[in-house]
Amino acid sequence: MSNLSIISRFKRLINAFLLFAILATILSLVGSLLVNIWYTDKTQIKHNQQNISVNYSYIVDQNASMPIDYVVASPKLFQPSAPNNIPYELGNNAYWVKVEITNNTQLPQALVVHADNPMITKFDAYALQGNTISTPVIHQPNTVKQKAFPHISIDVDANKTQTILLHLKSDGPPNIPLNVYKADAFDERVQVSLGIFGSFVGVIMLMSIYNLVLYSAIKDKVYLVYIGYLLSAFFVLATINGFGYYIFSARLQIWLNQHTLLFHYALVTFLVTFALLFLRYHVTRGTLYKVGKTLCIGLIGLYFISVNFSHAVQATLFFSLQPIIYIYCIYLVFTRIKKDYSWAKFYFISWVPLLIGAAVQPLMLLNILDYSFFSRNAFLLGVMIELGFMALALAERMRRNEQDQLHHLCYHSQTGLPRQLNLENTIKNLTTSITEKQDLIIIVLKPEHIEKIKHYIDDEHLLQLFKDINNNLSALFKHNDAVVPLTFNDEKLCYINGKCLGCMVDLSKLSIPINTFIQSVQQVITETYNIKGLTLSLSGVMGISHYPNHGITSRDLVKHALVAIHEAENTPEKWAVYRTDTTDKSTFLLELAADIQYALEHNVFEMYHQPQIDLKTRKVCGSECLIRWNHPTKGFISPTVFIPVAEDMGLINQITLWVIKQSLFQHATIIEDKQYNHMVSINISGIDVISKNFYEQVVQMVNDSNVPPEKIIFEITESANIAKNEHAVVVIEKLSDFGITVSIDDFGTGYSSLANLDELPFQELKIDKQFVENVHQENKRKVITETTVKMAKGVGLEVVAEGITSERDEETLAQYGCDIGQGYYYSEAMPIHEYLEWLSVQKNGKTPDNFYGEFIPASKS
């Protein structure tokens, strides 16, 4: 077992343990809360109860300005009321509340009057005897219990009535619920409440650790945001429920109480941020994500703006915005659930208790809903239940993330097809436990001519072709046990190198000859080879490697099957088995690719110039730059050998850019040597034109060289491949507008055709040497060449003929109207120093002086 697997399992065990601990703690805490609700309802002394009765009356003290003597002397100002009906409001008002407690029993009673608002700022109590104060101030011990649970203790004799006058004021939540308990029942309630608070703190700690573990495993910042939400919820409840007095110093807790709205703002900000990240809106960054981001920034700004307002205004502003925020978050959830409910179901459910608690408790604190132990602790209860579901939701998210990561590793993102990794794993697993009866081969298949065809279609159609082939072959293989499944879903094909499909076949289970099996596969590919509604009469090219003859590792077997494809392309059957004698050739090509890279980095390549002659004046008008490579150990290597290797290895663009740079540098030298009308022709391919930033790189090199763009010709090969490519056409037009002459190279061969003359902005046409050599002797070549020249001149193109080997060829081409000649008749290609010397002496019977010709490119239309 690998270390990575051990670590992964260890993390899963930790996650499972923490998840179990969190859920167990939450269940016990919720149970305790429900028991406490029942117990509180049972032990609280209600209004006009038979044994002990309590009556309440109140005066609203506007702006807290009434002196106590006035209040005591004005009993008619008191309005009888149930404790839940006292009209507490946000603002600067204070309240005088008269509590009359009658003990109808034969025993004295020790009672407690509890003001259930730990953020209360004034809680003065007086004992009244008629309309006079019998006790100036009832003593209240300055203890943590008194601060967290504001209360006074009184003794009421048997069959007596005790009247208490309370002066109350809160700078926080306005509601100050008053309850009367027997002393022992109140103490038990405090103990239960502290147990609930302790459990809540424990859950917050466990959830924070749990999210840190998840973050360390996945590195997803959503878990850090949730920790921020947990801490905000903790501080909100520490202030409004008062248990912060048991954790922090009195001074710090008072500061927290004064800034409780800061934590309310932080809570909803983290809640919105978490919703955006958890539901993955940040991936698409659409309108909802931008709205949420703006909302979070607005909440932060609003808090700092509102700190200068009164507490009443701050609270009104926040609780007015809170419903809007929750509605937005609910919309986020419903929008995502419409697409995929399964992975967000626990998160969706978690919102139900949270919204109920977040709505009920603030309404109670604002004295809109009646007080009860449930409404008093609704937010705590809602958060606890929400945390339980969120623990499950986060665990589900982690599981889905692992699945997504595994799916990304095993499946191609754009096609959804299994990746090569599946084939390699299957090879590894089977080859380690192979039996004598098994006879395994690897088949890699490629749609015929796919490299050429992909130039004519976009990525969407290319990927669709592979998906169609995969689907049809999968149907063919479905009931064929000889084709080995590669995935848990019994998929039998995988996507290789962006242009191939691969499979594994057990020949011992194959009921038909292998060539018949391959022909059936090729027939399916032929029937499926349809692009943009066009059915192509093409098949599949297939390479085969055998275990263990062609390798014992998955890497070697797949590599050798790919090598066999190259051999298969040259056979009429279009399939081939890997031959070991191709290894030397493959090794040579790989070494050659490495040498190409080295040659580029160390300027080992050389530029040669083959002169071009103006056939009207018989004077030099330019040269074509040709790359040459004299390898230090292998000697001269032809471009026909190393250029295809460079294309396969992705080095062709680097070579082209090197050629352009060196050609411009040498052309600058030619211009400095007073050859002012000299042009330079540089070969580029269709691959170069469609490469990223090619135009910008060319412009930069031209500007750096100080060579006028009008003195540069780009000869483009593979023009048919780029004629249908919109990006390539745009690049060619931009090059032409920049001043560079664009030439269609090797006209009449390969990819060059008449259609491209109209589709691309060419200004020059170059006739291939196979039609030029000995043109004066062969009638077919005469007809083709003359027709081509007339056609090109008719559409306003300059015509260049390469491959002139004699004076009679030169004369024939001049008679046809050809503009430029090039070939061994004038000179072979030469390095720059020899070319400069050749220019100075002018060979082939040309006059050595005044040989500077004129070359005027065709008008750029």
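Student: How many cavities of 30 Å³ or more does the structure hold?

Tutor: Before the count, note that this is a predicted model, in which local features need pLDDT of at least 70 and side-chain atom pairs count only at pLDDT 80 or more, while totals for chains, interfaces and linings use all residues. Residues are numbered from 1 along each chain as its sequence is written, and side-chain values use heavy atoms, with hydrogens and water left out. A cavity is a set of points, on a 1 Å grid over the protein atoms alone, where a 1.4 Å probe fits but cannot get out, and its lining residues have an atom within 4 Å of a point; the volume is the space filled by probe spheres set on the points, which are joined across faces, edges and corners. The structure holds six such cavities of 30 Å³ or more.

Student: What is the volume of the second largest cavity, and which residues are the closest to its centre?

Tutor: The volume of the second largest cavity is about 90 Å³, and of the 12 residues that line it, Asp116, Phe149, Phe197, Asn241 and Arg376 are the closest to its centre. H4 gives the largest share of this lining, three residues.

Student: Which residues have the most contacts inside the largest nonpolar core?

Tutor: A nonpolar core is a set of buried Ala, Val, Leu, Ile, Met, Phe, Trp, Tyr and Cys residues joined through side-chain atoms within 4.5 Å, where buried means under 20% relative accessible area, exposed over 50%, and partly exposed in between, with a 1.4 Å probe and protein chains only. Here the largest core has 73 residues, and Phe200, Met207, Tyr226, Phe274, Tyr347, Leu387 and Leu394 have the most contacts inside it. A second, separate core has 71 residues, including Ile655 and Tyr826.

Student: Is Tyr303 buried or exposed, and is Phe304 buried or exposed?

Tutor: Tyr303 counts as buried because its relative accessibility is 9%, whereas Phe304, at 55%, counts as exposed. Rings of Phe, Tyr and Trp (its six-membered ring) pair if their centres lie within 6.5 Å, with planes under 30 degrees apart counted as stacked, over 60 as edge-to-face and the rest as tilted. A search of the whole structure finds 27 aromatic pairs, and Tyr303 and Phe304 form an edge-to-face pair, 5.4 Å centre to centre with 75° between the planes.

Conventions. 1 Å grid on protein atoms, 1.4 Å probe; cavity = no way out; pocket = protein on both sides within 12 Å on 5 of 7 lines; lining within 4 Å. Helix = DSSP H or I, 4+ residues; strand = E, 2+ residues; numbered from the N terminus.
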